[in-house]
Amino acid sequence: MKTLLDNINPTRAIMGRLFLWFWVTFIVTALLAIWGARLFFVDLEVSEITPDELATLTSITQRFDRPRLSRMPLQEVVNRNARSLRGRLIAVNTATQDIVMSMGPPLRENDIRDLKRLAKQTSPIAIKRGALKLIGPLFFERRGERYALFSAKFDLPEKKTPPIVLFLIIALITTTLLSWLFARTFTNPILHIQGSVKRLAGGEWQSRVGPTSNRQDELGQLARDFNKMAEQLEAMWGAQKRLLADVSHELRSPLARLQMALGLAHQQNVDPATLERVEREADRMASLIDQLLALSRAEAGEITLSATPLPDVLKEVFTDAHFEAVNSNKQLVVSEVPTFIVNVDAVMLCRAVENVLRNAIRHSHTTTQVYFSEDNNFWSLHIVDDGDGLSSQECERIFAPFYRASLARERESGGVGLGLSIAKAAVELHHGHITAAPADTGGLHVTLAFKKS
């Protein structure tokens with residue numbers, strides 16, 4: 001359950017964090033705007049006075065002229081008459097604009113200003129600010145001073161504004177779309193750069209960032225810097241391949257002369273032990289040159305494809321491998337080879353399989369197994385030995401040129417660390433891939449996957 005939540009957690013990706021940040025910002029801003037508008041900007045509107053409201057206020061005004069009430073303080077008179085009113089009574093002195101109101105919460109400043117302006121009104125009207133409705137004025141005389149009488153009550157508007165839920169739904173849809181578009185336009189260039197980096201790391205030296213490099217912001221500059229770096233790496237890799245090829249070709253002539261000199265030395269009865277040592281080193285140099293040339297050809301993409309039954313392609317490779325295993329007192333177990341037709345370069349394919357297979361036999365304790373599998377897109381050849389194996393970190397590095405996981409062991413076997421590099425280049429020429437992983441038997445499991453035609 002925790003893994004599932006981690007996978008769908010939007011904060012794990014930069015796009016998710018950008019989306020949530022702008023989405024929350026839009027929503028909070030909208031809510032604050034609504035709250036502020038309702039708090040500080042309540043519209044004033046003129047409302048209609050109903051006959052009952054006018055009659056009630058007229059009746060209260062007439063009571064103020066009664067002799068008994070005229071002797072009482074105005075505050076007490078207002079409080080008494082307000083009891084029969086579902087609201088409050090407010091009297092405003094038209095000369096001094098002093099306000100006397102019945103018991104209740106204090107009025108807002110806006111309401112007080114409205115009352116003072118309406119006290120000069122000659123005929124009664126009704127105004128509403130928010131939920132408060134003021135009705136008046138009706139005038140009365142008291143002790144030589146003139147007052148404007150108002151009634152105030154809370155009255156919910158008949159035409160309700162759109163509910164907050166509807167607004168929130170609209171805001172959610174709008175801000176979600178806008179935030180997603182913004183986050184997407186910001187993260188798309190990053191994803192393009194990321195894809196180019198992965199391809200470059202996988203050996204696609206021609207990988208470049210396309211339209212993103214035309215942007216005039218920091219991401220565009222990053223893309224242009226990446227393209228420049230990729231061009232330099234491609235040039236360096238090309239120079240390295242040319243150097244290997246040139247050195248290999250140049251070494252073949254002196255090596256041939258050295259071998260001829262060894263033949264003459266044998267005829268002249270030179271010390272056999274010394275000649276044997278020189279001849280062994282010459283053979284190693286010849287093997288190294290052959291492998292360098294094979295690696296150069298594979299990396300240069302020199303390939304000739306032909307449709308051939310798979311058993312015919314691998315028959316000789318497995319025959320030689322059986323012979324080598326028997327001479328080493330080891331066992332090679334090969335499962336039945338599928339009979340389908342493959343469109344491959346037979347020489348390069350055999351070299352790839354042979355290099356991996358000989359490596360497995362050399363490092364196994366007793367047994368090396370070979371079996372096949374396939375899916376909709378690839379057919380795969382699996383080579384598994386029961387040797388000491390390698391760590392996961394070493395499995396990722398063994399296909400690099402001249403890399404040797406165990407230096408002493410490779411020297412003893414005469415290897416120089418090019419066999420698996422050649423295998424990798426040959427497999428990739430067939431649009432496939434090669435991987436290595438620790439085997440269940442404790443050794444190494446190498447998979448060569450080839451794309452179907």
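These are my notes on what I looked up in this predicted model.

**Ground rules.** Residues are numbered from 1 along each chain as its sequence is written, and side-chain values use heavy atoms, with hydrogens and water left out. The model is predicted, and local features need pLDDT of at least 70, side-chain atom pairs count only at pLDDT 80 or more, while totals for chains, interfaces and linings use all residues.

**Overview.** I started with the secondary structure, which comes to 14 helices and 13 strands; these are DSSP runs numbered from the N terminus, helices being H or I with at least four residues and strands E with at least two. Of the 453 residues in the protein, 36% are buried (under 20% relative accessible area; exposed is over 50%, partly exposed in between; 1.4 Å probe, protein chains only). I put the accessible surface at about 27600 Å², with 58% of it belonging to carbon and sulfur atoms (Shrake-Rupley method, 1.4 Å probe). For contacts with a separation of 6 or more, 61% are between residues 24 or more positions apart (contact means heavy atoms within 4.5 Å).

Next I went to strand 5, where nine of the eleven residues are buried. Strand 4 (residues 125–129) runs antiparallel to strand 5 and is joined to it by five bridges (strands pair if DSSP finds at least two bridges between them). Ile125 has Gly136 in strand 5 as its bridge partner. The two strands form a hairpin with two residues between them, and Gly130 in the turn has a positive phi of about 70°. On to strand 6 (residues 145–154): it pairs with strand 5 in the antiparallel sense over nine bridges.

**Rings.** I counted four aromatic pairs (ring centres of Phe, Tyr or the six-membered ring of Trp within 6.5 Å; planes under 30 degrees apart are stacked, over 60 edge-to-face, the rest tilted). Phe64 and Phe140 make a tilted pair, 4.5 Å centre to centre with 50° between the planes. Phe64 is in the loop between helix 3 (51–63) and helix 4 (67–70) and Phe140 in strand 5 (residues 132–142), so this pair ties together parts 76 residues apart in sequence. Both Phe64 and Phe140 are buried. Trp379 and Phe450 are stacked, because their centres are 4.8 Å apart and their planes at 20°. Trp379 sits in strand 11 (residues 378–385) and Phe450 in strand 13 (residues 444–451), so that pair ties together parts 71 residues apart in sequence. Trp379 counts as buried at 4% relative accessibility, and Phe450 at 1%. I also noted a cluster of Phe64, Phe140 and Tyr147, linked by ring pairs.

**Charges over rings.** The charged end of Arg146 sits over the ring of Phe139, 3.9 Å from its centre (NZ of Lys or CZ of Arg within 6 Å of the ring centre and within 35 degrees of the ring normal). Lys451 lies over the face of Phe378, 5.3 Å from the ring centre.

**Strand 9.** Strand 7 (residues 306–309) runs antiparallel to strand 9, with four bridges joining them. Ala307 stands opposite Asn343.

**His430.** Last entry: His430 is in the loop between helix 14 (419–429) and strand 12 (433–438). His430 counts as buried, at 7% relative accessibility. Its side chain reaches the backbone oxygen of Ala426 at 2.8 Å.

Terms used
Polar contact = N/O pair within 3.5 Å; in protein donor to acceptor, adjacent residues only side chain to side chain.
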